[in-house]
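Colleague: Before we look at particular residues, I would like to learn how such features are read.

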Amino acid sequence: MKSVVNLLWVVLAMLGALALAHVTGAVNPDEKVNGLWLVVAAACIYVLAYRFYGRWLAKRVVELNNQHVTPAVRLNDGVNFHPTNRVVLFGHHFAAIAGAGPLLGPVLAAQFGFLPGFLWLVIGAVLAGAVQDFIILVASMRRNGRSLPEIAHDELGSVTGTATAVAVLFIVVVALAGLGFAVVHALYHNAWGTFTIAMTIPIGLIMGFYLQKFRPGAVVEVSILGVLLLIAAVLFGRVVAQSSYAWLFEFDKPMLVWMLAGYGFLASVLPGWMLLVPRGYLSTFMKLGVVFLLGFGVIMMAPTIEMPRVTAFTSGGGPIIPGTLFPFLFITIACGAISGFHSLVSSGTTPKMIEQESQAVVGYAAMLLESFVGVMALIAASVLIPGDYLAINTTLGAEALSAMGFAPARIAELSQLVEVDVAGRPGGAVSLAVGMASIFSALPGMSGLMAYWYQFALVFEALFILTTIDTGTRVARYLIQGMAGRVYAPFHRMNWWPGVMLSSGVVVGSWAYLIGTGSISTIWPMFGAANQLLGTLALCIGTTVLIKMWKSPFLWVTALPMLFVGAITLTGSYEMFWMFLKKAATVAAGQAFTLYLDAALVAVVALLGLIVLSDSLKQWYGYVVLKKPFTSSEVVVMAGGGSTGHAHPVICAEDHDHMRGFKLPHGGGCC
């Protein structure tokens, strides 16, 4: 039986290698690639990586042990800490990390061709993103579910801890601006889409009150109700768009920014059960269902990839992302390969829900699934003719695009099919929706329904994005209240209404300003750089955790991707800084102020990155080379009564097993 299993792994590896050869052009380099090869290559690599690399990390590097009592069991309070079924745990973790980043980033990065983005999505997720998520999840689980800034403060000191807190706040604000920008450009003068998205707010409220007040515990009922109401909103949206009341839902961009800001503020101050939780729950069905439906469509239809493997924009000068392939490809695909934002989830709710340590592998597996979402988004964008793709994602005319060698071919036909003018709608959301609708409408029996599939795809994307906006705004509000609480104590009370209103207003005002004054070519690279900074910081913390687990031989697991991602962040920040300053010198005073502000924000990103890297390297040199003693905040509790309680292991200068011990904190005794 073991021989049969090994043979199956060999066959899977050979199939993945064959598919990858077609994708890279090693086989039939002059022919256009079939989208099915991308799906097969990615799926094979993910399965092999999870089975071998992920399993090796779990067994050899962090040594997951079910004899350790997890915080979910030991600190079970039924609210924050509670053991969770492993299937539900995986669903929760995936829904929490899978925002709009893996949808929009790969679409924008398709400007460089489909091959560089595909390789970074797959390789980056296996060796960097999934490793970061998994290591941070284990580190938090073994520290009573503490957050990333708290772990950074405990393990690396106040310098890195403060840099972490500032970085988290920065990335959340810039991320919300980038995602909100995509929503605004997808919905302006689009009555059908605006009506449908607007209806998700009362649907969420209905679901919240139904589950909280009318029928507590009736999860199945509220799920059916939410899905039916959502389908009705999509179908009725077309009626509204073709009626005399369509003008009520046709807004320009400034008005949409105000409305989006109002929603973010409302979601931040209302109780979570009323709007935040039910909308997030509803989006989970959409996320998984649509991704697998899109995968089924690619398998059934095997669409041809129209985008070249590599375009002329790899050396810079692209109309969407103006920089060169390195580093801008890597910071444009901000979430599908590695996402610092994920470390907030891995040190947030998930470590408080793990029943057995072996279940922590969800951190590795869920990232692979998110990467697959990114691959599907890349395919959906790449099936469009390159000229049409650029016509949607830029405001350039047909003549300008033709001069670049990418003449639009079917843009008028596509606009007619989806019943919306799709030209000049940058941000990635519209081109992704058009690509998805093209695949779905090609399925048997679906011809003639492309307009419905287009609006359905927009709802799918908007549910991703709005879930990130409402959750991110609330997270940023908590951070501001925590920082302000050091100056004025009442801010520490999360239910103190003046603090809630003021901090929410600051967060919403910040990202709304960036949306109103920025462009996708400035906002999205800033988001990518900030996100990669947080990824660098998370990998720094992960490296420190491995050192304090006596795993120095395995430091390359986190150190190598940390160095690569750190190089991306610093190089990208340097290029963006001078790019913004150069552009500011050629525009009007009002626009120049925004560009100078962007340059200052990028400089802050680079400074934080340098602080984190230099401080961490200094401490690692002391621990590994100079053999300085150190303490760890790790808490180990064994099943069957064997426990160290809240003891902190002290590592002595001599690297001998008999010198390892536990030192009880002052005033403490045996539990």
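Modeller: Let us start with contact, which means heavy atoms within 4.5 Å. The model is a predicted one, in which local features need pLDDT of at least 70, side-chain atom pairs count only at pLDDT 80 or more, and totals for chains, interfaces and linings use all residues. Residues are numbered from 1 along each chain as its sequence is written, and side-chain values use heavy atoms, with hydrogens and water left out.

Colleague: Which residues does serine 140 touch, not counting residues up to four places away in sequence?

Modeller: Serine 140 touches Gly145, Arg146, Ile151, Ser346, Ser347 and Pro351, with that exclusion applied. Serine 140 belongs to helix α6 (residues 114-141), a helix being a DSSP run of H or I with at least four residues, numbered from the N terminus.

Colleague: Is glycine 264 buried or exposed?

Modeller: Buried means under 20% relative accessible area, exposed over 50%, and partly exposed in between, with a 1.4 Å probe and protein chains only. Glycine 264, in helix α11 (residues 253-269), is buried because its relative accessible area is 0%. Leaving aside neighbours within four places in sequence, glycine 264 is in contact with Ile469, Thr473, Val508 and Trp511.

Terms used
Helix = DSSP H or I, 4+ residues; strand = E, 2+ residues; numbered from the N terminus.
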